[in-house]
Amino acid sequence: MKRFLIGVLATACGLSLTTAEAAVTPPPPKQEWSFDGPFGTFDRAALQRGLQVYQEVCSGCHSLKYVAFRNLADIGYSQNEIKLFAAEATVVDGPDDEGEMFERDGLPSDYFPSPFPNDKAAAAANNGALPPDLSLMTKARKGGPDYTYAILTGFEELPENWKELDEYSFLPRDFELQDGLTFNRYFPGHQIAMADQIAMAAPLAGGVVEYADGTEATIEQMSHDVTTFLMWTAEPKLEIRKAWGVKVMIFVFVLTVLLYFAKRKVWADVH
Ligand code: HEC
């Protein structure tokens, strides 16, 4: 018994030591989303604002290669609007009869064009870090949309005396921010190459887009909108899935009641 207790104690100490030493990235704070819960749906206005943020800010570095222009019909755009929107993009097509690739205006059937010709060029332009494709981002990372939102709003200046501040106790003591990288508390590793071309700390700054519906473009608002949009790109059938879930639950409930009464009727003579 004594040995067992000593064993338990030693393990507990060992565990607490390792957790104290290991740097843990704070989990992304939970946000409220229109698509949460069994009755969740996408907020159309937020989706359209989010598309605008992607288009005007993120598309400079991040591709969205699994989304075609024609898919924008899902978020409330007419065929004509989609045609005009697609035509603003330049896509590489070919080869033509001479075997050459050529550029042309986008068509609704085209996918969003990537900002860089290939991954090497993309990384070279971004301090060696590849800006990942955003189509499935909100599904690909732990924390989902909360993570994407946390990254976008988590840029901050690391104070000189961070080692003395409790707030930064999650950072390894030997942490050093590399030149050209920006501190972000929610990014694993905490240094992220997501700085803007004009050397701003983060891709979003208040007012970088002007919303057509008059919504004020704060960093939080734009982050929330673009994350909603990226949730749609990652799971365009979310609303249908949730609607089916509710229908199936109702069906199962009705079936249970029917089966219960059927059972009572069938067994009535026996009992
Ligand atoms: C100037 C280029 C640039 C712009 C503009 C930009 N990003 Fe990034 N982004 C990057 C790079 C580079 C990385 C990879 C960072 C790394 O690995 O250090 C990244 C990483 C990310 C990540 C984290 C990915 C991960 O691996 O966990 C998310 C989420 C993200 N970007 C979303 C966005 C969104 C949304 C926008 C638009 C509001 C945007 N980015 C604008 C360059 C950019």
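Which helices each supply at least two residues of the shell around the ligand? In this predicted model, local features need pLDDT of at least 70 and side-chain atom pairs count only at pLDDT 80 or more, while totals for chains, interfaces and linings use all residues. Residues are numbered from 1 along each chain as its sequence is written, and side-chain values use heavy atoms, with hydrogens and water left out.

The helices in question are helix 6 (144-153) and helix 7 (helices are DSSP runs of H or I with at least four residues, strands runs of E with at least two, numbered from the N terminus). Of the 24 residues around the ligand, those that come nearest are Cys58, Cys61, His62, Tyr147 and Met194 (near: a heavy atom within 4 Å).

His62 (NE2) and Met194 (SD) coordinate the iron atom of the ligand at 1.9 to 2.6 Å (donors: N, O and S atoms within 2.8 Å of the metal, or 3.2 Å for Na, K and Ca; water is not among the atoms, so sites may look incomplete). Histidine 62 lies in the loop between helix 2 (44-56) and helix 3 (79-87), and methionine 194 in the loop between strand 4 (191-192) and helix 7 (219-234), so the pair ties together parts 132 residues apart in sequence. Histidine 62 is buried, at a relative accessible area of 11% (buried: under 20%; exposed: over 50%; partly exposed in between; 1.4 Å probe, protein chains only).

An N or O atom in the side chain of tyrosine 147 is 2.5 Å from an oxygen atom of the ligand. A polar backbone atom of alanine 193 is 3.1 Å from an oxygen atom of the ligand.

Technical notes: Polar contact = N/O pair within 3.5 Å; in protein donor to acceptor, adjacent residues only side chain to side chain.
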